[in-house]
Amino acid sequence: MDNSQMLKGVLEGCILSIIVKRETYGYEILTKLEEAGFENIGEGTLYPVLTRLEKKGYILCRKEKSPFGPIRKYYSASDDGIRHFKLFKKSYYEITDKAMKILGNEEK
Amino acid sequence: MIDSYAFYTDKLKGEYLETFKQIEFYCSTFTMDDDLREERFNELLDMFITAQESGKSVKKIIGNDIQWFCKEFCSDIDTKSRIVSFFDKIKIIAIYAFILSSLEMLCLIMDIVNGAKLSIWSSEGFNIGGYIFGFAAITIIDLIFNLIIRYIMRKRKRIPTKLQRRIYYIISFFAYFIVVFLIGFNIFEIKIPVLAILIISTLYLIVYYIFNRDRIKKHKTQKIHFWDMVANEMQNDKDKYKSIIKQYKRINKRRIKKGKECMTHEEFLNKKENSVNATKKTKWFFALFPLLITAFFFLISDFESIIDMVIFVFIMLGVEYLVMYFMYKLECAAIKDSLKSIAELRKNPEKFEE
């Protein structure tokens, strides 16, 4: 089954969750997603989400030279971003609770 | 010159390097401004290098389908970026037009002063119009090539291999060469007054500067000086420690042959650091050597007049000090590189055992 639509819905929230916890950068975000079981979330999917969050003002970005030479972008959550994340979490739990009531009653 | 991501791509190896080059090629067929390109590729390159150092496969970063990744990577290039890129390209043409028309204008003024019956609105002389046409045509050819390449990549569902990319670069180079130099210069004679080209290009550059003040200021903060770039290039070499380590092993081999005790890492590094610091005193050599050479040639030469003598000394010293300055700066970069390698070996002495 193609999970891409479902994934798109939660990925933004998951990435925001990682950034809200502490300032981080692209590779670290990818690693944390991989540890959580999200496979094949490449830069190509991560980058548009980060760009979208930045445009909406939910995350702030500062640039610094990485230890390897290229300029690295460090992301941190803005106040709007923290508020949006709290709303996302609330909606997510509400939807999954309702979905579980239906799906939980279905035969596996 | 700005501190571009391109200076660090040689830190990638194997599949990471090939994948990065493929992504770069794919993205080069899309119009995006230099700032956006730098931002994206800096982030991607940093991610690639970090993952490479952690021993991960490149597929963990980009997924299994590189073409899908490239499409996503370039998916949100906005119209503003394309417009900025277009005006950046025109700026390059305007700079060439400004330089050529300024030189041509100087020649025209000198001809008029010398009595030639020419107007300042003359369009005689160098075929600047044809040359500018050539550069403008490059922009259009570039766009057409990009559309063709994107169509081919979509149809074949593959990004070109290293060999195919090289062939493409060779073909596009010859196409640009033919358009600019052969057609632009020889076939098209576009009679535009030199003064008109000078005025238009100057106005364009002024307007461009006014609208891009902030970008230009930002670029100044990202500037990398040529000599820092040279030092950086030397430091990028993965074998930078090997020559120092080889020297250490060679010295100890000789000491063992002579029945002496081996030098410890610390002793060797101290000695090496002292000898590198001693070379800093050679700046006096760079200052005195041109004087000595000039004095030698001055003594063996025969001058017809004092003016000849003065011109000779002036030119000799000018050229020699230019060469000496260049060599001195290279030496400073080499010293900086050696001291950094020594400091790195002090922090990681296990590299001696590699």
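This is a predicted model: local features need pLDDT of at least 70, side-chain atom pairs count only at pLDDT 80 or more; totals for chains, interfaces and linings use all residues.
**Exercise 1. The setting of B:Asp88**

*Solution.* 
Step 1. Residues under 20% relative accessible area are classed as buried.
Step 2. Locate the residue in the fold: B:Asp88 belongs to helix H5 of chain B, residues 79-113.
Step 3. List the contacts, leaving aside residues up to four places away in sequence: B:Asp88 touches B:Asp33, B:Asp34, B:Tyr208 and B:Arg215.
Step 4. Look for polar partners. The side chains of B:Asp88 and B:Arg215 are joined by a polar contact of 3.0 Å.

**Exercise 2. The length of helix H8 of chain B**

What span should helix H8 of chain B have at 1.5 Å a residue, and which of its residues are buried?

*Solution.* 
Step 1. Helix H8 of chain B covers residues 194-211, which is 18 residues.
Step 2. The expected span is 1.5 Å times one less than the number of residues. For H8(B) this gives 26 Å.
Step 3. The buried residues of H8(B) are B:Val194, B:Leu195, B:Ala196, B:Ile197, B:Leu198, B:Ser201 and B:Tyr208. Of these, B:Tyr208 is also a contact of B:Asp88.

**Exercise 3. The interface of chains A and B**

Describe the interface of chain A and chain B by its contacts, its buried area and the elements of chain A that supply it.

*Solution.* 
Step 1. Count the residues: 27 of chain A are in contact with 29 of chain B.
Step 2. Consider the area. The size of an interface is often expressed as the accessible area lost when the parts come together. Here about 2400 Å² is buried between the two chains, and carbon and sulfur atoms give 52% of it.
Step 3. Count the polar links. The rule finds five salt bridges across the interface, and 13 residue pairs in polar contact.
Step 4. Assign the side of chain A that touches chain B to its elements. At least two residues each come from helix H2 (26-35), helix H3 (43-55), strand S2 (59-65) and strand S3 (71-77) of chain A. The largest share, eight residues, is supplied by H3(A).
Step 5. Sort this side of chain A by class: twelve residues are nonpolar, nine polar and six charged.

**Exercise 4. Salt bridges within and between chains**

*Solution.* 
Step 1. Over all chains, the structure contains 18 salt bridges. Side chains of opposite charge can pair when their charged atoms come close.
Step 2. A:Arg52 and A:Glu12 form a salt bridge with an N to O distance of 3.1 Å. A:Arg52 is in helix H3 and A:Glu12 in helix H1 (residues 4-21) of chain A, so the pair ties together parts 40 residues apart in sequence. A:Arg52 is partly exposed at 37% relative accessibility, whereas A:Glu12 is buried at 15%.
Step 3. A:Glu34 and B:Lys60 form a salt bridge of 3.3 Å, N to O. This pair crosses between chains, from helix H2 of chain A to helix H3 (residues 59-62) of chain B. Both partners are partly exposed, A:Glu34 with 26% relative accessible area and B:Lys60 with 43%.
Step 4. A:Lys73 lies in strand S3 of chain A and B:Glu39 in helix H2 (residues 34-53) of chain B, so their pair joins two chains. Their closest N and O atoms are 2.8 Å apart. A:Lys73 is buried at 4%, while B:Glu39 is partly exposed at 25%.
Step 5. Salt bridges with shared partners join A:Glu54, A:Lys63, A:Lys73 and B:Glu39 into one network.

Definitions and conventions. Residues are numbered from 1 along each chain as its sequence is written. Chains are lettered from A and ligands numbered from 1 in the order in which they are written. Side-chain values use heavy atoms; hydrogens and water are left out. Helices (H or I, at least four residues) and strands (E, at least two) are DSSP runs, numbered from the N terminus. Buried means under 20% relative accessible area, exposed over 50%, partly exposed in between (1.4 Å probe, protein chains only). Contact means heavy atoms within 4.5 Å. Buried area is the accessible area (1.4 Å probe) that two parts lose on being put together, summed over both. A salt bridge is a side-chain nitrogen of Lys or Arg within 4 Å of a carboxyl oxygen of Asp or Glu. A polar contact is a pair of N or O atoms within 3.5 Å; within protein, one must be able to donate a hydrogen and the other to accept it, and residues adjacent in sequence count only if both atoms are side-chain atoms. Ala, Val, Leu, Ile, Met, Phe, Trp, Tyr, Cys and Pro count as nonpolar, Asp, Glu, Lys and Arg as charged, and the others, Gly among them, as polar.
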